[in-house]
Amino acid sequence: MPQVVPQVVPRMVHPRPLLTDRPAESTPMLKINDLHAFYGKSHVLHGVHFDVQPGEIVALLGRNGSGRSTTAKAIMGLVECTGHIEWNGQNITGRKAYEVAHMGLGYVPESRDIFPSLTVHQNLMLGEKGRTAKSRGKGRWNFEDMYLMFPRLRERQHTEAGVLSGGEQQMLTLCRTLMGDPDLIIIDEPTEGLAPKIVELVGEFLQKLKQRGISVLLIEQKLTIAMAISDRALVMGHGSIVFQGTPDSLRADAYIRKEWLEV
Ligand SMILES: Nc1ncnc2c1ncn2[C@@H]1O[C@H](COP(=O)(O)OP(=O)(O)O)[C@@H](O)[C@H]1O
Ligand SMILES: [Mg+2]
């Protein structure tokens with residue numbers, strides 16, 4: 001009998017093995033335990049613990065200063081920390097940032113790092129260079145995917161990235177990181193300061209990641225997008241996780257929202 005394989009995602013050249021090859025009781029992809037982080041003498045994370053399962057979108061919520069960005073930086077090897085950060089069963093605590101990135105962890109910092117004197121297309125090419133040897137040349141994403149997701153980037157592909165608007169720079173940073181073909185992407189406040197129309201685009205972008213089974217750790221302060229697309233929500237306060245649950249259970253928990261989220 002001829003085998004008919006439905007082509008759900010036509011451009012996915014390298015289907016992600018993790019979802020199908022794993023045993024039913026899947027182990028977390030990212031597992032964080034008793035994480036402490038420091039800026040010099042200042043101790044800002046106090047025993048953070050959570051995990052992210054393959055294909056899961058987890059929102060990391062909290063007020064400004066609660067420690068969300070520091071958590072991201074600790075995972076990415078960008079801040080001094082102690083504790084356990086496990087990535088696919090391997091302890092990566094204290095690894096150098098470039099090593100972590102090459103293991104399939106993508107990171108979009110708050111600062112929207114782009115190379116301002118390079119064109120949009122060149123910035124995307126640099127993202128592609130960050131791929132692990134394993135996925136080089138056969139990553140899940142290509143330039144066309146990026147330009148279809150954000151047509152504005154196609155229009156501006158030969159423009160120097162430094163002259164783009166804030167929203168366009170955010171799109172470019174998201175796409176550049178995705179070109180590195182991460183299995184999990186940590187995105188720090190992607191909608192901060194953006195116009196509602198662009199926020200909507202970022203929301204659609206996150207949905208696309210979910211459709212392709214990429215895990216996402218989404219750092220946000222506002223609940224709107226995070227609650228709409230997340231499988232699970234974490235709330236941080238004073239450098240610890242103070243709540244873990246489904247978006248619905250967070251919606252229902254007026255105390256947590258008032259105490260740790262509302263401004
Ligand atoms: N580079 C830094 N040096 C010293 N303290 C910092 C630095 N970055 C952040 N902090 C402090 O660490 C705490 C957590 O900050 P951060 O992780 O940026 O919070 P969030 O991302 O949730 O707003 C805050 O008290 C902040 O002032
Ligand atoms: Mg932050």
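Residues are numbered from 1 along each chain as its sequence is written, and chains are lettered from A and ligands numbered from 1 in the order in which they are written. Because the model is predicted, local features need pLDDT of at least 70, side-chain atom pairs count only at pLDDT 80 or more, and totals for chains, interfaces and linings use all residues.

**Overall fold**

The chain holds 11 helices and 10 strands. Helices (H or I, at least four residues) and strands (E, at least two) are DSSP runs, numbered from the N terminus. Of the 263 residues, 38% are buried. Buried means that 20 or more other C-beta atoms lie within 10 Å of the residue's own, with C-beta atoms placed from the backbone; exposed means 12 or fewer, and partly exposed lies in between. Take the contacts between residues at least 6 apart in sequence: 69% of them join residues at least 24 apart. A contact needs C-beta atoms, placed from the backbone, within 7 Å.

One open sheet has 6 strands in the order 6-7-8-3-9-10, with mixed pairing. Strands pair if DSSP finds at least two bridges between them. Strand 6 and strand 10 (240-245) have a single partner strand each, so one side of each lacks a neighbour in the sheet. From one strand to the next, the twist averages 20°. Strand 3 (residues 57-62) runs parallel to strand 9 (residues 232-237), joined by 5 bridges. Here Leu-61 stands opposite Val-235.

The other open sheet has 4 strands in the order 2-1-4-5, and its pairing is antiparallel. Strand 2 and strand 5 (90-91) are its edges, each pairing on one side only. Strand 4 (residues 80-87) pairs with strand 5 over 2 bridges. Trp-87 stands opposite Gln-90 in that pair.

**Helices on the sheets**

The table gives the packing angles. Axes are lines fitted to C-alpha atoms, for helices over the stretch in contact, and angles run from 0 to 180 degrees between N-to-C directions.

| Helix 2 | strand 3, strand 6, strand 7, strand 8 (215-220), strand 9 | about 145° with strand 7 |

**Helix 7**

Helix 7 (residues 166-179) has 14 residues, which should span 20 Å at 1.5 Å a residue; its end C-alpha atoms are 20 Å apart, in agreement. The expected span is 1.5 Å times one less than the number of residues. The helix is largely enclosed by the rest of the structure, because 11 of its 14 residues are buried. Among them are Glu-168, Gln-170, Arg-176 and Met-179. Their cover includes strand 6 (105-108), helix 4 (120-129), helix 5 (143-149), helix 6 (151-155), strand 7 (184-188) and helix 8 (196-211). Just after helix 7, Asp-181 takes a positive phi of about 60°.

**Ligand 1**

The residues around ligand 1 are Tyr-39, Ser-42, Val-44, Gly-62, Asn-64, Gly-65, Ser-66, Gly-67, Arg-68, Ser-69 and Thr-70. A residue is near the ligand if its C-beta atom, placed from the backbone, lies within 6 Å of it. Strand 2 (42-52) and helix 2 (68-75) each give two or more residues to this shell. The largest share, 3 residues, comes from helix 2. By type, the shell has 2 nonpolar, 8 polar and 1 charged. Ala, Val, Leu, Ile, Met, Phe, Trp, Tyr, Cys and Pro count as nonpolar, Asp, Glu, Lys and Arg as charged, and the others, Gly among them, as polar.

Note on methods
Two residues are in contact if their C-beta atoms, placed from the backbone, lie within 7 Å.
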